[in-house]
Amino acid sequence: MNIDYLSLRLVELPLRSPFRTHQGLIKKRTLIIVEVGDQSGRKGYGEVTAFAEPFYTSETTQTAWHIISDCIVPTIDFQKVMHPFDFPEQVTGIQGHPMAKAGVEGAIWDLYGKQTGQSLSQMIGGSRKRVKAGAVISLSDSTAEGIEALEKKGYERYKLKVDKGKEREVIEQVKRVSPDLPLMIDANGAYTEKDMDHIQTLDKYGLIMIEQPFQAGDFYLHQQLQQHLKTPVCLDESVMNFHDAKQAIQLVSCQVINIKISRVGGLSAAIKIHDYCAQENIPVWCGGMIESGISKAHNLALASLPNFSIPGDLSGSDRYFEKDLVTPGIQMENGEIEVPSHHGIGIEVDESYLERVTKKSKRFRLK
Ligand code: OSB
Ligand code: MG
């Protein structure tokens, strides 16, 4: 592939309202936009969706900036990347840091699509033209009002962030206004072994699933829970790569997997996990990271693959942002979002707005 330069931009996007989980509060979204380009002026964009603080996984915006600048750029021979699938093989010598790697791989995919005249969805074998949207209700949203407003917009699935011990309260609040909504909760690892019986009492609500009840790393505890729980367990933080997905499935630690391109180290790994889950009859859905339209466009392509049979954390640009990095913003209509069909990620980056929200930037010549 022709890749002449790589640039990094540290960006801060104002959020419409703060996003709170039991692990922390996000008031503005700090992220890194990766750009790669060729001599013909074609540009590919990717996004590092790590947060400023390591509350979700261990990476941060700063660790990713360091890994890309000081480890990936100096050691990888980008001229040996003939296809985006070659990039993950080039970085196997760098341990961990999936989000840093995913951001660079994403930019390469976009550029490759633009160079070869194909959309990202087309390149990876996507079969859907539209995907179903799902809303996430953070702990700072007023649950009942929040749900009513979102229901009017037509989201197909609702995910509540929960505080341990207050699950009943929020679930019952929602059930009072909308008894039949497809509802799930995300615990972000808040429970411990002592909560095993307590979690089982949530079976009566008929939730479509419970996401990441225990800490990442404990496949055994999730297996024990799933054996005694009718509600499907879904894993998020536990699945950081293909091997984790394989273990989770073979040990029956879950019945569903949330795939995030960034968390698993890039689109290639996400596709590999998707294919394995399809073969093992494990449905998957596409997770979200309160990300910009650049990352969302990558997510839409991923979610167009056939085994993404459950609505994901996929929302329109206006869910979190007054103004997005892409133009026009991503639109959710009647509970669905269109999969972009133009070349690469298929969505135009608003370069002047990107410039305006950039806090610092760095450019590397690659040949
Ligand atoms: O667990 O999926 C998660 C946001 C921040 C950190 C972790 C998670 C989330 C979300 C938001 O659930 C998903 C979205 O972008 O809508
Ligand atoms: Mg989650």
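Q: What spacing do the donors of the magnesium ion (ligand 2) follow along the chain?
A: First the general idea: donors are N, O and S atoms within 2.8 Å of the metal (3.2 Å for Na, K and Ca), and water is not among the atoms, so a site may look incomplete. Here the magnesium donors follow D-x24-E-x24-D. They are Asp186 (OD), Glu211 (OE) and Asp236 (OD), at 2.1 to 2.3 Å. Asp186 and Asp236 link distant parts of the chain, 50 residues apart: Asp186 is in strand 7 (residues 183-186), and Asp236 is in the loop between strand 9 (233-235) and helix 9 (242-250). Helices (H or I, at least four residues) and strands (E, at least two) are DSSP runs, numbered from the N terminus.

Q: Before we go on, what kind of model is this, and how are residues numbered?
A: This is a predicted model, where local features need pLDDT of at least 70, side-chain atom pairs count only at pLDDT 80 or more, and totals for chains, interfaces and linings use all residues. Residues are numbered from 1 along each chain as its sequence is written, chains are lettered from A and ligands numbered from 1 in the order in which they are written, and side-chain values use heavy atoms, with hydrogens and water left out.

Q: Which residues are closest to ligand 1?
A: A residue is near a molecule if one of its heavy atoms lies within 4 Å of it. Ligand 1 has 17 residues around it, the closest being Asp186, Asn188, Lys260, Ile290 and Tyr320.

Q: How far from an oxygen atom of ligand 1 is a polar side-chain atom of Asp186?
A: The distance is 3.0 Å. For Asp236, a side-chain N or O atom is 3.1 Å from an oxygen atom of the ligand, while Met289 brings a backbone N or O atom to 3.2 Å from a ligand oxygen.

Q: And where is the cis peptide bond?
A: Look between Thr327 and Pro328, where omega is about -5°. Pro328 is in the loop between strand 12 (326-327) and strand 13 (332-333).

Notes. Polar contact = N/O pair within 3.5 Å; in protein donor to acceptor, adjacent residues only side chain to side chain.
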